[in-house]
Amino acid sequence: MGCLLATILFAQDAGEPDSTRVRPKKPDSLKVKFYPRAFRFGTDVIPLINSRTQKTVSAWEINGDVDCGRYYFAVDYGGSKKNFDLSTGGTYQNDGTYWRAGMDVNFLMKDPDRNMFFVGFRYARASFSESATLIATDPYFGSIQKQVSNSVVNAGWQELTAGLRVKIWKEFWMGYTARLKFPASVSGDISLKTYDIPGFGLNGQGVTWGFNYQVFWRIPFTKQRKPVSKTS
Amino acid sequence: MRFLLPGTLVLLLSACLDKPDCLVSSTNNVKMNLQKLKKDTLNNIILSSISVSGTQYLFYKGDTVFHKGDTIASLTLPVNPLSAETTFNFYFGANIDSVNTLTVTYTQENLIIGPECGAYVYYQNLEVSSTTFTNVNVKNSQLTTSATTNLEIKL
């Protein structure tokens, strides 16, 4: 009888859950799920302004990123054309395109408008041609004029990025990106040591900084719910 | 948002770092040291002249290269910027008693410093192609304004 009672009690004890030993579940609101939420495309304003204000440069850049929660996959594509006179006589021309690809990490996850402060990295490559006319006067050999050109030059480099993206109105965004650019590796500059790399800047200057100021339009893939404010 | 102002200031200041300095050290002059093999310090060595291929100009015409007591003489001669090699003919003695020849090769690197600084040619990889001197050593294969000696010639 005692055995039967103990068995019944044991069975009852095994069947009922112990409420004091339930592990607390992490709320879904704290988990950032990784899936594409929106696409944002835009352009860098600074090359457009430079192209308007300086006769020696014509440049453009388009930017895009995909919002995957905390992480953003970013791609930039641009082109530039430069043509200026040299103080020693002669001219320099440069014409090419470049692209950058990488990822940003958003550190403002609690912002309801998805404004972001980010840190990221980029891998970049440029392909371009350049030429120069060099003029000099030697006291013993007379006037010297050389036409030198590199028809196909390729350059690659890496960048660390940081910046802000702020929602201005509806799906219109503005922001800036600061770039820490590591020295570029260049191939194909046989006749003339590469002076300027599209998308990078001056060659041979070591680690340098760059800055972009961008405007964007965001296209959400899903309708976003506005956060509901709690009223007491 | 609190990162906006300091971040912008850093970026504005960093824009000053992008412009190169106009420090130009390019030259097409080769600096040579002539050394007497025999320590004969009693006689002068007179150069009638030195000719350089590519130009009709004569260098060190009538100069006394080695005075009594000297064992080393320094010369500065230009290489031909329109060619990858230059030949120097050294005419010794008041009546051109002897001639020695030295031919050097080099590469040219075309470099743009900047729009305000201009473009220059840097001569590098200086090598002795042929010579009738006893011994010629390349001390510095780059031709720069700061180089002390490029070639050491033993007479």
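How many residues of chain B are in contact with chain A, and how many of chain A with chain B? The count is 35 residues of chain B and 29 residues of chain A. The model is predicted. This briefing starts with the fold of chain B, then turns to its interface with chain A.

**Chain B: elements**
- Chain B has one helix and ten strands.
- From the N terminus, the order of elements is α-β-β-β-β-β-β-β-β-β-β.

- Chain B holds 155 residues, and 41% of them are buried.
- Its accessible surface is about 8400 Å². Carbon and sulfur atoms account for 52% of that surface.
- Take the contacts in chain B between residues at least 6 apart in sequence: 54% of these join residues at least 24 apart.

**The interface: area and pairs**
- Together, chain B and chain A bury about 2700 Å² between them. Of this area, 71% lies on carbon and sulfur atoms.
- Zero salt bridges are counted between chain B and chain A.
- Eleven residue pairs are in polar contact across the interface, with both residues at pLDDT 80 or more.

**The interface: the side of chain B**
- Three elements of chain B each supply at least two residues of the side that touches chain A: α1 (4-14), β7 (98-114) and β8 (118-131).
- β7(B) gives the largest share of that side, with seven residues.
- Sorted by class, the side of chain B that touches chain A has 20 nonpolar, twelve polar and three charged residues.

Methods:
Residues are numbered from 1 along each chain as its sequence is written. Chains are lettered from A and ligands numbered from 1 in the order in which they are written. This is a predicted model: local features need pLDDT of at least 70, side-chain atom pairs count only at pLDDT 80 or more; totals for chains, interfaces and linings use all residues. Side-chain values use heavy atoms; hydrogens and water are left out. Contact means heavy atoms within 4.5 Å. Buried area is the accessible area (1.4 Å probe) that two parts lose on being put together, summed over both. A salt bridge is a side-chain nitrogen of Lys or Arg within 4 Å of a carboxyl oxygen of Asp or Glu. A polar contact is a pair of N or O atoms within 3.5 Å; within protein, one must be able to donate a hydrogen and the other to accept it, and residues adjacent in sequence count only if both atoms are side-chain atoms. Helices (H or I, at least four residues) and strands (E, at least two) are DSSP runs, numbered from the N terminus. Ala, Val, Leu, Ile, Met, Phe, Trp, Tyr, Cys and Pro count as nonpolar, Asp, Glu, Lys and Arg as charged, and the others, Gly among them, as polar. Buried means under 20% relative accessible area, exposed over 50%, partly exposed in between (1.4 Å probe, protein chains only). Accessible areas come from the Shrake-Rupley method with a 1.4 Å probe; for residues, only the protein chains shown count as cover.
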